[in-house]
Amino acid sequence: MAGGRFSNWVQRELKPGDTIEVMPPQGRFFVPVEPGSRRHYLGLAGGSGITPILSIMKTVLAREPGSRFTLIYGNRSLRSTMFKEEIEDLKNSYMSRLVLQNVFSDEQTDS
């Protein structure tokens with residue numbers, strides 16, 4: 001990330017074989033799935049923040065056949081979009097139940 005303190009430090013300072021200590025994930029991402037429910041979920045994600053949202057989205061679409069999901073996903077560019085193919089596959093599998101809106105900060109788009 002341009003100007004990122006940690007990413008720049010990693011590039012400058014870490015060498016092969018170095019180790020760093022990290023904390024375990026702190027987030028608690030959970031959606032109570034109810035197969036008979038007819039809900040409309042909204043997921044907002046940016047960059048790597050898609051990881052827990054993608055898991056929730058896949059679970060909801062697979063296990064709540066009456067529910068819909070709208071995902072608004074921000075990235076710098078289409079090329080830098082994480083899990084692009086997996087998300088497109090989900091969109092193709094659940095065309096009537098999944099709405100995907102990509103937002104790119106470094107690209108011009110028609111929408």
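**A walk through the predicted chain**

The protein chain exposes about 8300 Å², of which carbon and sulfur atoms supply 54%. The model is a predicted one. Buried residues account for 25% of the 111 residues in the chain. The C-alpha atoms fill a box of roughly 50 × 35 × 20 Å along the principal axes. The radius of gyration is 17 Å, whereas a compact globule of 111 residues would have one near 13 Å.

The chain holds 3 helices and 3 strands. In sequence order they follow the pattern α-β-α-β-α-β. Among contacts between residues at least 6 apart in sequence, 69% join residues at least 24 apart.

The buried residues in H2 are Ile50, Ile53, Leu54, Ile56, Met57, Val60 and Leu61. Seen down the helix axis, these buried residues fall within an arc of 165°, so they line one face of H2. The background is simple: an α-helix has 3.6 residues a turn, so residues three or four places apart point the same way. The cover over the buried residues of H2 includes strands E1 and E2, helix H3 (84-93) and strand E3 (98-104). On the face turned away from the buried side, H2 carries the exposed residues Ala62 and Arg63.

Strands E1 and E2 can be taken together through their aromatic residues. A search of the whole structure finds 2 aromatic pairs. One of them is formed by Tyr41 and Phe69, which are stacked, with 5.9 Å from centre to centre and 15° between the planes. This pair links distant parts of the chain, since Tyr41 is in strand E1 (residues 40-46) and Phe69 is in strand E2, 28 residues apart. Tyr41 counts as buried because its relative accessibility is 13%, and Phe69 is buried too, with a relative accessible area of 2%; the cut-off for buried is under 20%.

Strand E2 also holds Thr70. With a relative accessible area of 16%, Thr70 is buried. Leaving aside residues up to four places away in sequence, Thr70 touches His40, Tyr41, Leu42, Gly43 and Val99. Asp106 is 36 residues from Thr70 along the chain, and the C-alpha atoms of these two residues are separated by 23 Å.

Asn75 is found in E2 as well, a strand that covers residues 68-75. At 8% relative accessibility, Asn75 counts as buried. Its contacts, again not counting residues up to four places away in sequence, are Gly47, Ser80, Thr81, Met82, Val103, Phe104 and Ser105.

The loop between E2 and H3 contains Phe83. Phi of Phe83 is near 60°, a positive value in a residue other than glycine. Most residues other than glycine have a negative phi. Phe83 has a relative accessible area of 34% and is therefore partly exposed, a class that lies between the limits of under 20% for buried and over 50% for exposed.

How values were computed:
Residues are numbered from 1 along each chain as its sequence is written. This is a predicted model: local features need pLDDT of at least 70, side-chain atom pairs count only at pLDDT 80 or more; totals for chains, interfaces and linings use all residues. Side-chain values use heavy atoms; hydrogens and water are left out. Helices (H or I, at least four residues) and strands (E, at least two) are DSSP runs, numbered from the N terminus. Buried means under 20% relative accessible area, exposed over 50%, partly exposed in between (1.4 Å probe, protein chains only). Contact means heavy atoms within 4.5 Å. Rings of Phe, Tyr and Trp (its six-membered ring) pair if their centres lie within 6.5 Å; planes under 30 degrees apart count as stacked, over 60 as edge-to-face and the rest as tilted. The arc is that of the directions from the helix axis to the C-beta atoms. The radius of gyration is taken over C-alpha atoms; the globule rule is 2.2 Å times the number of residues to the power 0.38. Accessible areas come from the Shrake-Rupley method with a 1.4 Å probe; for residues, only the protein chains shown count as cover.
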